[in-house]
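Q: Hi! Could you walk me through this one while I have it open?

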Amino acid sequence: QVQLVNSGGGLVQAGGSLRLSCAASGRDVSGTTMAWYRQGPGNQRELVAALPSVGITNYAESVKGRFTIARDNAKNTVYLQMNSLKPEDTAVYYCAAERFWNGRSFDYRYWGQGTQVTVSS
């Protein structure tokens, strides 16, 4: 079992920055794909960024050039650096670990509790 704890959300003005953290415990997640998702008001959950242990990092088009996902394997932690924030980035952000194919799409076995990010205009 893996437990994920999100932190770092808050209220920020448009153009500002925040860094989200996701600390994993229970076992080493350095060999798994880690990701950040978000769900805004009235919206479906969407992938923000996915970071495999090897291979190419994926970003949603809407955050490319502004957000950066990174991991610190020594701390068993993944981060999401968010710059040039926009009001449309307002959402609850969730980290996820251990991607798998469920027969129809990729899913993740473990999820954090979510952290609120609110960007004011």
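Q: Great. What kind of model is it, and what are the ground rules?

A: It is a predicted model, in which local features need pLDDT of at least 70 and side-chain atom pairs count only at pLDDT 80 or more, while totals for chains, interfaces and linings use all residues. Residues are numbered from 1 along each chain as its sequence is written, and side-chain values use heavy atoms, with hydrogens and water left out.

Q: How many helices and strands does the protein have?

A: Zero helices and eleven strands. These are DSSP runs numbered from the N terminus, with helices being H or I of at least four residues and strands being E of at least two.

Q: And how compact is the protein?

A: The radius of gyration is 14 Å, close to the 14 Å that the globule rule gives for 121 residues, so the protein is as compact as a globular protein of that length. The radius is taken over C-alpha atoms, and the rule is 2.2 Å times the number of residues to the power 0.38. Along the principal axes, the C-alpha atoms fill a box of roughly 40 × 35 × 25 Å.

Q: What share of the residues is buried?

A: 42% of the 121 residues count as buried. Buried means under 20% relative accessible area, exposed over 50%, and partly exposed in between, with a 1.4 Å probe and protein chains only.

Q: What about contacts along the chain?

A: Of the contacts between residues at least 6 apart in sequence, 54% join residues at least 24 apart. A contact here means heavy atoms within 4.5 Å.

Q: Switching to the sheet: which strands pair with β9?

A: β4, β10 and β11 do. Strand β4 (residues 34-39) pairs with β9 (residues 91-101) in the antiparallel sense over six bridges. Strand β10 (residues 106-111) is joined to β9 by five bridges, also antiparallel, and β11 pairs antiparallel with β9 over three bridges. Pairing requires that DSSP finds at least two bridges between the strands.

Q: How many residues sit between β9 and β10?

A: Four, and the two strands form a hairpin. Gly103 in that turn has a positive phi of about 105 degrees.

Q: Where does β4 go on its other pairing?

A: To strand β5 (residues 46-51), in the antiparallel sense over five bridges. Met34 stands opposite Leu51 there. β4 and β5 form a hairpin with six residues between them, and Gly42 in the turn has a positive phi of about 75 degrees.

Q: And which strand is joined to β5 by two bridges?

A: Strand β6 (residues 58-59), running antiparallel to β5. Ala50 has Asn58 as its bridge partner in β6. This pair is a hairpin too, with six residues between the strands and Gly55 in the turn at a positive phi of about 110 degrees.

Q: Which residues have a positive phi although they are not glycine?

A: Asn76, at about 55 degrees, and Ser84, at about 50 degrees, are the ones to look at. Asn76 is in the loop between β7 (67-72) and β8 (77-82), and is buried with a relative accessible area of 14%. Ser84 lies in the loop between β8 and β9 and counts as partly exposed at 41% relative accessibility.

Q: Where is Gly9, then?

A: Gly9 lies in the loop between β1 (3-7) and β2 (10-13), and counts as partly exposed at 33% relative accessibility. Beyond residues up to four places away in sequence, Gly9 touches Leu20, Thr115, Gln116 and Val117. The C-alpha atoms of Gly9 and Arg19, ten residues apart along the chain, are separated by 7.5 Å.
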